[in-house]
Amino acid sequence: MDIDTASETCAEVLDAISEAVIADRAFLETVLTGVLARGHVLLEDVPGTGKTLTARSVATALGLSFSRVQFTPDLLPADVTGTNIYDERERTFEFSPGPIFANVVLADEINRAPPKTQAALLEAMEEGQVTVDGETHQLPRPFFVIATQNPVEQEGTFTLPEAQVDRFVVKSAIGYPDLDGEVELLHRRAGRSEQSPSVERVLDRDTVAAIRRAPESVRVEDDLLEYMAKLARETRTDRRVRIGVSPRGTQRLFEATRARAVIEGREFVTPDDVKRVSQSVLAHRLVLTPDARVEDVQKSDVVDDVLGRVTVPTLE
């Protein structure tokens with residue numbers, strides 16, 4: 001699929017999702033950037049802002065199968081991946097797939113699951129497969145996770161380890177709608193009998209696979225590659241940061257930047273593309289020092305400062 005067609009297709013998907021989700025267009029573009037970059041998306045926001053609706057709407061608009069897993073402290077790995085069940089008639093064990101066997105998996109309140117269950121999800125996210133009783137099972141293609149976290153009510157939660165947070169290409173928050181948006185939300189609710197809005201299917205599985213290949217043809221000049229590498233390296237030397245962006249994070253920045261160019265309908269990456277995705281790609285990968293946390297330093301502020309310090313290349 002060429003870049004122009006992919007961009008038009010992305011616009012149709014965003015328009016369809018906007019019919020159900022009252023959110024800033026930039027937020028929806030960030031979620032779609034994670035999908036095009038062939039990664040996973042982490043959404044962190046207070047309850048009731050539309051995180052679950054966003055995940056379901058994305059799956060429906062893309063024409064993909066959807067599964068929701070409510071993470072709780074007593075959730076076991078087998079509850080996510082599936083388990084082998086003994087068939088008394090055949091006297092054999094048969095694998096019963098878990099809810100993770102879907103194209104789009106919503107891991108709702110992922111930080112409420114114990115580390116063992118989080119680790120089972122980690123293999124699926126990184127390898128696209130699960131292993132049960134020594135036997136490996138491939139997950140559907142395409143496959144990506146949209147996970148949510150609730151920043152309030154931290155009692156009974158298990159903080160995601162840095163290694164797992166690093167698996168998410170982008171992290172974003174939907175936020176509260178503005179006044180006009182909230183009024184529009186009520187108008188839409190008054191115009192339908194169901195509590196939740198519906199989304200029209202726009203694509204199918206093959207088309208999704210095609211648009212996810214489109215970023216591979218986007219051109220990135222050498223000076224922009226150096227710019228991305230410098231941004232990542234600058235986070236490692238900031239006095240407020242204990243652990244900066246890893247080399248894997250640098251690669252995710254590269255992939256997300258190309259995906260952003262596709263959404264914009266360009267065959268090449270610009271410095272603005274890098275800047276637009278930097279917050280959602282880099283901030284959640286930072287681990288701040290204890291002093292920085294005491295001083296209430298925000299990871300987003302660190303990324304802003306890094307963007308201000310690193311010289312932006314001039315494209316001819």
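The residues that line the second largest pocket divide into 10 nonpolar, nine polar and eight charged. Here Ala, Val, Leu, Ile, Met, Phe, Trp, Tyr, Cys and Pro count as nonpolar, Asp, Glu, Lys and Arg as charged, and the others, Gly among them, as polar. Before we look around, please keep in mind that this is a predicted model, in which local features need pLDDT of at least 70 and side-chain atom pairs count only at pLDDT 80 or more, while totals for chains, interfaces and linings use all residues. Residues are numbered from 1 along each chain as its sequence is written, and side-chain values use heavy atoms, with hydrogens and water left out.

**The second largest pocket**

- This pocket has a volume of about 570 Å³. A pocket is found on a 1 Å grid over the protein atoms alone, as an open set of points where protein lies on both sides within 12 Å along at least five of seven lines. Grid points are joined across faces, edges and corners, and the volume is the space filled by probe spheres set on the points.
- Lining residues are those with an atom within 4 Å of a point. The second largest pocket has 27 of them, and G48, T49, G50, K51 and L53 lie nearest its centre.
- Helices α3 (51-62) and α7 (179-190) are the elements that give two or more residues to this lining. The largest share, four residues, comes from α7. Helices (H or I, at least four residues) and strands (E, at least two) are DSSP runs, numbered from the N terminus.

**The largest pocket**

- The largest pocket holds about 930 Å³ of space. Its lining has 34 residues, and the closest to the centre are E44, K171, H284, L286 and K299.
- Which elements each supply at least two residues of this lining? They are β1 (40-44), α6 (162-165), β10 (241-243), α11 (271-282), β11 (287-288) and α13 (299-309). With three residues, α6 gives the most.
- By class, the lining of the largest pocket has 12 nonpolar, 13 polar and nine charged residues.
- Domain 1 (3-189 + 201-210) and domain 2 (219-309) both give residues to the lining of the largest pocket, so this pocket lies between them. The domain bounds come from an automatic or database domain assignment.

**Rings and a charge**

- You will find one aromatic pair in the structure. The ring centres of F95 and F101 are 5.7 Å apart and their planes stand at 65°, so the pair is edge-to-face. Rings of Phe, Tyr and Trp (its six-membered ring) pair if their centres lie within 6.5 Å; planes under 30 degrees apart count as stacked, over 60 as edge-to-face and the rest as tilted.
- Are the two partners buried or exposed? F95 is buried, with a relative accessible area of 17%, while F101 counts as partly exposed at 24%. Buried means under 20% relative accessible area, exposed over 50%, and partly exposed in between (1.4 Å probe, protein chains only).
- R266 has its charged end over the ring of F268, 5.7 Å from the ring centre. A charge sits over a ring if NZ of Lys or CZ of Arg is within 6 Å of the ring centre and within 35 degrees of the ring normal.

**Apart in sequence, together in space**

- L43 lies in strand β1 and counts as buried, at 2% relative accessibility. L43 and V170 are 127 residues apart in sequence and 8.6 Å apart in space, C-alpha to C-alpha.
- D2 belongs to the segment before α1 (3-18) and is partly exposed, with a relative accessible area of 44%. Its C-alpha atom is separated by 6.6 Å from that of A214, 212 residues apart along the chain.
- G82 is part of strand β3 (residues 82-87) and is buried, with a relative accessible area of 4%. The C-alpha atoms of G82 and P97 are separated by 4.4 Å, and these residues are 15 apart along the chain.

**Backbone details to look for**

- A cis peptide bond, with omega about -5°, joins R141 and P142. P142 has its place in the loop between β7 (135-138) and β8 (144-149).
- R38 is not a glycine, although its phi is positive, about 60°. R38 is in the loop between α2 (25-36) and β1, and counts as partly exposed at 47% relative accessibility.
- E109 has a positive phi near 50° and is likewise a residue other than glycine. Look for E109 in the loop between β5 (104-108) and α5 (115-127).

Definitions and conventions:
1 Å grid on protein atoms, 1.4 Å probe; cavity = no way out; pocket = protein on both sides within 12 Å on 5 of 7 lines; lining within 4 Å.
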